Amino acid sequence: MGGSLRVAVLGAPGVGKTAIIRQFLFGDYPERHQPTDRPRLYRPAVLLDGAVYDLSIRDGDGAGPGQSPRVLEEWPDHKDWSLQDTDAFVLVYDICSPDSFDYVKALRQRIAETRPAGAPEAPILVVGNKRDRQRLRFGPRRALAALVRRGWRCGYLECSAKYNWHVLRLFRELLRCALVRARPAHPALRLQGALHPARCILM
């Protein structure tokens, strides 16, 4: 017996949101970047401790290059998918781009501002992508992690969508946190695998 969870993967254009999702679901990586022209919704199932959970993974926030973050305006249908209804957030930035980190900072602030009073806090995981370009990063990992964890009170993790490094881990940590917060008495949850929307694939 499982349930359902809504996850939003947000970030500036070109940071690798779609690449992260595709690595998690299908184990592939697009060598050529194709900008996401509109938000997309993936509906996989995930097996956690013998229970199957239906996920709705929102890819992208709909902002074009050069646009500033305007979270509420970026949702095409507020009733269908809103900040208030999202169970967990993945905020992705490029470790080589300070502007993409500022974008994530603004997104996190808007999420905090729009959460209804008394509503359960949705876990936020800030993810630094493109770890394979470590030598070009704009700031030290420890300093950024400390800022996010202590100052923003969010989770922090770095990954490489290109080499599928820590991609599974980031979804495991996010989903574990979301489910534990939703059901505090639930035991520690372990991500056992992701299932293809059409057929069962154990990862």
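Arg131 is partly exposed, with a relative accessible area of 24%. Its salt-bridge partner is Glu158. The model is predicted. A search of the whole structure finds 7 salt bridges.

**Arg131 and Glu158**
- The closest N and O atoms of Arg131 and Glu158 are 3.2 Å apart.
- Arg131 lies in the loop between strand 6 (124-129) and helix 4 (141-152), while Glu158 lies in strand 7 (residues 155-158), so the pair ties together parts that are 27 residues apart in sequence.
- Glu158 is buried, because its relative accessible area is 4% and the cut-off for buried is under 20%.
- Arg131 and Glu158 also belong to a network of salt bridges that includes Arg137.

**Arg110 and Glu113**
- Arg110 forms a salt bridge with Glu113.
- Their closest N and O atoms are 3.8 Å apart.
- Both residues sit in helix 3 (residues 98-114).
- Arg110 and Glu113 are 3 residues apart, about one turn of the helix.
- Arg110 is partly exposed, at 24% relative accessible area.

**Asp28 and Arg22**
- Asp28 pairs with Arg22 in a salt bridge.
- The closest N and O atoms of this pair are 3.0 Å apart.
- Asp28 is partly exposed, with a relative accessible area of 30%.
- Arg22 is partly exposed too, with a value of 26%.

**Background**
- Side chains of opposite charge can pair when their charged atoms come close.

Definitions and conventions
Residues are numbered from 1 along each chain as its sequence is written. This is a predicted model: local features need pLDDT of at least 70, side-chain atom pairs count only at pLDDT 80 or more; totals for chains, interfaces and linings use all residues. Side-chain values use heavy atoms; hydrogens and water are left out. A salt bridge is a side-chain nitrogen of Lys or Arg within 4 Å of a carboxyl oxygen of Asp or Glu. Buried means under 20% relative accessible area, exposed over 50%, partly exposed in between (1.4 Å probe, protein chains only). Helices (H or I, at least four residues) and strands (E, at least two) are DSSP runs, numbered from the N terminus.
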